[in-house]
Amino acid sequence: MGNPVSDTPSPRGGLLRNGNFVLLWCAYGISAMGDHLSEMAILKTQDAVNPAVDVTPLTARMSFMFFLPFFFLAPVAGLIADRLPRRVVMIAADVARGLIMLGFAGLIAWTEHWGAWGPFMPLLLVGAFAGLFAPARSALLPTVVRADQLVRANAMIAGLGIIATMIAVTISGYLAEHYHPQVAFRLDAVTFALSASFLTFLRLPVVRSDDAGGRAHAPLRELADGFRYALCHRRVLELLAVGALVWFCGPLVNSVIPAVVRDVYGGTYLQMSAYRAYLGLGFILGAITIATLGNALRSEIAITWGLFGISGGIAVFAASVYLPMAPETLSRIGAVGVVMAGLFAVAVMASFNALLQRTVADRFRGRIFGVKELCCTGALLVATGALGVPRWTNVDRWVGKILIAVAVITLVAGAVTLFVRLGRGLHGRQLTFAQNLNEFLAKFWWRFRRIGAPTVPREGAVIITANHTCSADPLFLSAGVMYRAISFMVAAEYTTWPIVRYVLSLVECIPVKRDGRDTAATKSAMRHLRAGKALGIFIEGRIVAPTEVVRPKDGVAMLALKTGAQVIPAHISGVKYNDNVVWGLIARHRARVRYGSPVDLDEFRAKEQSREVVRAATKKIYAAIKALAPPPDDGE
């Protein structure tokens with residue numbers, strides 16, 4: 001009954017060469033189009049373009065009714081995604097939504113006399129099956145892509161979903177302007193049929209059950225296990241809080257867009273749908289950005305800065321409500337704000353989903369995504385319910401204040417996540433921030449990758465020594481062992497550069513005079529190692545051209561023998577040689593670092609530390625570094 005774990009290797013190559021991912025990707029995009037194709041047609045049934053109609057509550061009620069089933073059915077939908085084949089669940093949900101949309105006009109005619117909420121009641125049925133589709137899709141994704149592709153996969157899915165949404169709202173606006181709503185409803189049914197057909201061709205790898213522990217099959221007990229897992233897992237709880245926050249703020253912004261477009265910019269149905277498309281454009285740009293960055297930017301960091309970006313975008317959008325300018329100018333300012341907010345919103349949600357998928361075990365994944373839907377749609381219902389449930393009058397007058405409130409909330413949330421995340425760093429907030437920035441630059445700009453496992457011990461005196469090809473080499477060594485703060489022996493003149501001086505002092509780097517007779521630096525290095533810290537030293541003493549033959553310096557061996565520190569050899573490759581400090585930092589590399597096993601120096605420690613003994617130890621250390629070099633035909 002339970003969903004299995006793949007017993008075959010993860011698919012190799014890019015995501016677009018993975019047939020299962022492409023089918024899932026396309027199915028989700030078409031399904032997302034179906035979820036939004038009828039929006040303007042529904043608003044048309046309520047004469048929303050009429051200035052006498054309060055459009056903000058109508059939009060809020062539409063979202064409220066669509067997502068209400070998500071809230072009540074999410075835990076059950078998650079359990080179904082864990083107990084039944086997820087592909088089959090998604091196909092069934094698509095088929096059901098298609099059938100509902102074929103009769104949607106009749107359903108509205110039947111319910112429109114039930115009061116202010118009547119015309120939106122049929123959305124309960126569509127939302128119920130959309131809620132069944134969502135956790136199955138999120139839980140299925142990690143079984144068709146590699147773990148290191150999850151961020152890109154989520155970004156691509158979000159991007160395609162928003163492209164589909166943009167197309168849908170644009171078509172929806174056009175159909176609302178020119179045709180009877182029934183046309184949009186029937187076209188909507190076609191999209192769900194197409195989505196189901198793509199999923200039909202999905203072929204998952206041969207799998208084995210992960211139910212080795214004899215998992216109980218009592219539904220209520222399994223539901224309780226899912227909630228217990230979420231409540232006992234701190235990271236999951238924190239991610240759910242972030243997701244709920246975004247889902248609270250997003251519908252507020254989405255609900256006020258039609259009122260801003262109509263009352264501030266003087267727009268019509270078509271312009272209302274255009275601003276939804278602007279939001280979608282931001283989503284696409286965000287998806288492209290996250291897909292481009294890939295694993296260079298840690299997901300938790302993307303969430304923090306994404307929240308700050310959302311706040312900035314909403315602030316710009318809010319400014320368009322209050323600035324004393326022509327409507328055309330205000331509409332452009334508003335478009336910029338909406339695009340900006342959408343860009344960063346995708347960064348948050350793609351990273352949020354990838355972290356959940358990586359964190360949660362497969363056998364719990366469906367239920368945890370059910371809990372996620374419960375939390376997120378609960379937040380959405382609170383937001384849309386606050387606008388749509390009470391019989392407010394002239395709600396549209398408050399749209400600017402609503403936008404300002406959203407900007408403040410997301411700004412505070414970003415500050416809290418930044419403070420908490422840096423506070424959990426191993427080396428203090430400032431150094432943790434610097435390490436995170438260095439890791440991002442190394443992976444994104446210098447295309448850094450560590451080959452093999454890191455061998456640097458987590459504590460105790462250690463010297464990390466490597467070859468030296470360019471000025472960025474210390475940054476590569478540090479990026480490879482984020483769990484350890486590495487200080488370096490650096491040329492004294494660099495400590496006079498304002499920003500560089502601050503960074504070097506933060507990492508406790510030791511300045512060295514180039515005359516080769518700096519006994520103060522040697523003493524500082526010995527104190528550093530005797531305090532149990534890590535020290536990075538480039539054994540060649542300077543930047544060396546690839547074909548140049550140099551005699552390694554004896555400083556590494558001397559310090560190791562005097563202090564008893566371990567020596568970890570490392571080799572840096574894939575770097576474009578340049579002895580200019582600035583150019584070495586600007587140039588794009590394809591840097592690779594390999595860490596070797598500790599060099600055994602016991603045979604030298606047992607002897608009197610003469611110049612010959614130190615020299616022999618140096619040769620052994622240097623040989624260990626050279627042994628880590630990749631073969632010439634490696635392509636680096």
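The protein contains 23 helices and 9 strands, as seen in a model that is predicted. Taken along the principal axes, the box filled by its C-alpha atoms spans roughly 100 × 65 × 40 Å. Of the 636 residues in the protein, 54% are buried, where buried means a relative accessible area under 20%. When contacts between residues at least 6 apart in sequence are considered, 82% of them join residues that are at least 24 apart.

Rolling a probe the size of a water molecule over the atoms shows where empty space is left. In the protein, the count comes to 2 cavities of 30 Å³ or more, and the second largest cavity has a volume of about 40 Å³. This second largest cavity is lined by Val151, Ile290, Leu293, Gly294, Leu297, Ser299, Ala302 and Ser351. Two or more residues of the lining are given by each of two elements, namely helix H11, which covers residues 269-293, and helix H12, which covers residues 299-322.

How values were computed. Residues are numbered from 1 along each chain as its sequence is written. This is a predicted model: local features need pLDDT of at least 70, side-chain atom pairs count only at pLDDT 80 or more; totals for chains, interfaces and linings use all residues. Side-chain values use heavy atoms; hydrogens and water are left out. Helices (H or I, at least four residues) and strands (E, at least two) are DSSP runs, numbered from the N terminus. Buried means under 20% relative accessible area, exposed over 50%, partly exposed in between (1.4 Å probe, protein chains only). Contact means heavy atoms within 4.5 Å. On a 1 Å grid over the protein atoms alone, a cavity is a set of points where a 1.4 Å probe fits but cannot get out, and a pocket is an open set with protein on both sides within 12 Å along at least five of seven lines; lining residues have an atom within 4 Å of a point. Grid points are joined across faces, edges and corners, and a volume is the space filled by probe spheres set on the points.
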